[in-house]
Amino acid sequence: MRLLQRRKHYIYTLLLALALLSLSGCFGSVLNGNSGEEVDNQDLGTAASSDGGGGGGSENDSGSSGGDFSIDLPAGLDIAKLKLKKPDSSATSFILRATLPLIPGVFPSNNLENAIETPFATKDGEGNSIPLQTEIVSRFANPAAGADVVEVMAEVPNSMAADAEGMVEYGVFIGKATYPKPPAGASARELLQQPNNLPGSIRGLLDSGAALNIVAADHQDRIHLLDLFAGTGSTKAERFGPVKSTALTYGTMEPTTASGSGDYDHLVGVHAAISTMSDQEVIFLDLMLNNGPVGKNLPGGLTMLADHGSDIKPNGYTYFKALGIEVPLGWRLVQWAPHPFWQDYCDASFSLPCPTNTDLHFLFREINSSDSQFFTVDTANELHLFGPRAMRLERLALVPDNPAAIARAKELLDEEGLAFVQPGTNSEGDRYFSWWNPLTARYFPQNQLLPNIDFIGAQGIRNKLSSDFNALKQVRESGSIDTALDVHNKSMGTAHPLGGMGGGTTGGKNIHMLEGTGTAQSAWSDGINWLKLQFFMHTDRQPQALFLANGDPFDPKEFQYIQAASGAIFQTYYNFWNGPWDQNWPSPAIPASGYSTGPKDDPFGYVAALLGQTGHPTYKSIGQQAPGYQVKMIGHDSCYGCGALYYPTDDAHFVRYSRLYLPLAWLANDSLAKLIIGLDGALRIGTYNYTPYTTSTLDNQGVSMMPALRRVSQLMQFSNPAVELASIQQGGTITAAPGNHTNQGFGHGRGHAWMLQVAAAAYRLATPEWRSDNKQWFEVYSELLDKGRSVCSGYINSGTINKSFDGIDLSKMWNTQAFEEAFVHLATTALWQSFWEFKDPAKEAAAANVVAEATRGMLTSGWDPFKNSIYYILGFSDNKQYDNFHYFEVYGGTGSVPAACQGSYVPAAAQPPVHSSITENEETGSVAAFGLRANPAKVNFYLDRAAQLYGVYNPALSTIDQAKALVDHFKNSSNFTASKVDGFAFNTQAAMLAAAQVLAGEL
């Protein structure tokens, strides 16, 4: 930054900038102005991190850490530019909001006792300063560094002139202001009254104490109810300020009459993110309905370690006739993306009676004969269904019942006012804080630098995003099929799933490593709408809800406790289900044979609920009332692979789901996206845990972390689980022992990769308390990767596959697939950046080295020099030993072979590798980019490999010119067009374009 270079009192910030560049996303040759030679920045990066206060500290039990990251930016400094579509409403003002990435130490700058100090402001068209309410989105790994991404918002006049494309820009400046912190114990109604200029109608509704009830009639016409304002669990302030407040509530829908035999004790759980905004006559309701509440008392007499609230029995299949929300008379609920079973008026013929003092709008009306277009309808018996742990998302607005208010609500629901930071520089030549600035490249848990794709044309991207969103919205509203949009079945009551019916559908469709790039670059809110609608529809197929009575996701510590207490084995395959996975379970009729309904095989009571052993209705007891579409519902059929059902997206392909909620969190601070990231992160930590009470089969490494730990460490020497667990808990250190497989590779494939990325995202978004509770898992995982990776090939993943490929019997050879290893590089980068950055220099360096060695190994031992590409199958050997024989290729064939590389067979250096003849260059396009970040000293090696991969290598070119040639390749590639910005190839190669642009001096 020129400003930082010119001003002496910013020397600390300059050192910090150098550390960020060398450790977190920029490269040595550019940093030092070198155009052709490799530069080793290891000493520079370490010194900057240590001297600048970023190193030397580690997170303790209270969530604090060492180091001083405080920084005082001068008032009036122009730090960012926000861009958005100019609101076309008649309103004289609107709520401007955006997410903003930061350097360490900027926010929170002062820990005031009763107030929050925002360091940010914007300006209206006349130059008047307007403070920006600031909320934390994610945090640096080192908590002393503060927030690395924040949400900023302000009410601004709608008077800024638009450009030729209908866009307007607002600057972000340093300008301090304070506003109150949320009071402890405040109710949702109290929290929602905080915004300035709250319309009298909204304030009056909140002051009245009127309930906002969500109600349903079950299969026996019994009414269940929950006041969304009050909930039955805890209430939290997600936002609280003069511009926008969001209260999070949770509760279960309870019956209004005493229960009898066969009745539900409760219906479903409901999370509600309720928001109000300054000057806006609207209350926003983002809802997540789930059939996954869990009580404190568990099967077999087990009780949770912590009391998270009242005891709740899990439901099996939850049936109901209709479900709606009661609203005050004179008010109207507006749905963001209506579906065929939405109805915004009450019908007296329904089993859910019309209230006398309020109106009733149906989220899911009763099924009738006109719905025969979706499935065969018996109007007397057809019911809606929530399967075990099913989830549904809704986005609504409560407004006065008049055309103007309804039209305004639709504009606000479609993300009016949502802006996006943009690349560029201010008048002094300083780079704006943005996803394109290497100093603030904080996108996703891997802190990805975004490529500048201006060459594609922003308007073309916007047209494509709007077209895709509107087309999917029409499909959702009509309940129809559109295979081009990946919708393969009609609406099925509460669900309209997105994607192919199989949970493990092969192929590259929607395997996106960097979603949201086009949305961010084009500053187009319909990109968020497009991602959000896909997110809603994909959630329909993911039965993974598991929530405590207070509304929090299930605590990972409880998973480990239950395993230790009961010997339970948790499986994650397909849907994070608890209990032994079987293709016939959960079946509507009976569970798979061979296991009980006790704590070992049914730790939360879902099997017992399915069998009716907890007094709940079951598929069998309801009999003919079961929905005719049940066999097509998600995971609710006894025939896996029949083709007439939906299975949850499995962890090996989980990016098809996580690709949707990650950009919603980072670009829009979306409440529902963050809720499910927290859930999925907790589930991954809980199920891939190091509790010894699990399968001892060393090859079954997908079930839990313990088999992998046993394989690569001395833990495999122990037969006593208590000794194993005690060894792990001594600081998370894995100690080598004779006869083990330390540093020889272990099973850590794409399923592990996608779920590690989600866990890292959960850590980044979590509270300090959650981080402190779960830090040991990340420490042990980091140690496992470091001790488990092969020091010979560099590869992390290794295993066998029961199939043949390209003439190779993969069941007889330890191998990894190139694309799978590339996904692992992304995940290990996410762990390094989200957990270790600026927290512990030695461990951060070790985490970075895992990525450096893995990427370098793939581009040496895995490199086909004749095709200038990466082998599709990267082989180890054919004798089931981890004695990788590519040591000579990787390390130059000099010296003795390390002990870890020795086995029953170590061939000569000249012996050809066991690899497929087929190569891969699409999904591996990111390998060199991740390697550059992890080892900037090897800039020329990685750049050359990328240039060779894409056919533009020229040894006569300087580093900068070679990088420019690579950038030109991408600019002319058919994969980098407006129609491909949400495509597979673009999203797997975008990170390499960003790296090349940095080296070429274009970022």
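A contact is defined here as heavy atoms within 4.5 Å. The model is predicted, and local features need pLDDT of at least 70, side-chain atom pairs count only at pLDDT 80 or more, and totals for chains, interfaces and linings use all residues. Residues are numbered from 1 along each chain as its sequence is written, and side-chain values use heavy atoms, with hydrogens and water left out.

The protein contains 26 helices and 27 strands, taken as DSSP runs numbered from the N terminus (helices H or I, at least four residues; strands E, at least two). Of its 1003 residues, 64% are buried, that is, under 20% relative accessible area with a 1.4 Å probe, protein chains only. Among contacts with a separation of 6 or more, 73% join residues 24 or more positions apart.

Thr118 lies in strand E3 (residues 115-123) and is buried, with a relative accessible area of 1%. Leaving aside residues up to four places away in sequence, Thr118 touches Phe107, Leu132, Thr134, Gly175, Lys176, Ala177 and Tyr179. A polar atom of the Thr118 side chain lies 2.7 Å from the backbone oxygen of Leu132.

A nonpolar core is a set of buried Ala, Val, Leu, Ile, Met, Phe, Trp, Tyr and Cys residues joined through side-chain atoms within 4.5 Å. The largest has 207 residues, of which Leu100, Phe120, Trp435, Phe535, Tyr661, Trp666 and Trp777 touch the most other members. Helix H26 (residues 984-999) gives the most to this core, with twelve residues. A second, separate core of 48 residues includes Leu198, Leu226, Phe229 and Ile274.

Note on methods: Buried means under 20% relative accessible area, exposed over 50%, partly exposed in between (1.4 Å probe, protein chains only). A polar contact is a pair of N or O atoms within 3.5 Å; within protein, one must be able to donate a hydrogen and the other to accept it, and residues adjacent in sequence count only if both atoms are side-chain atoms.
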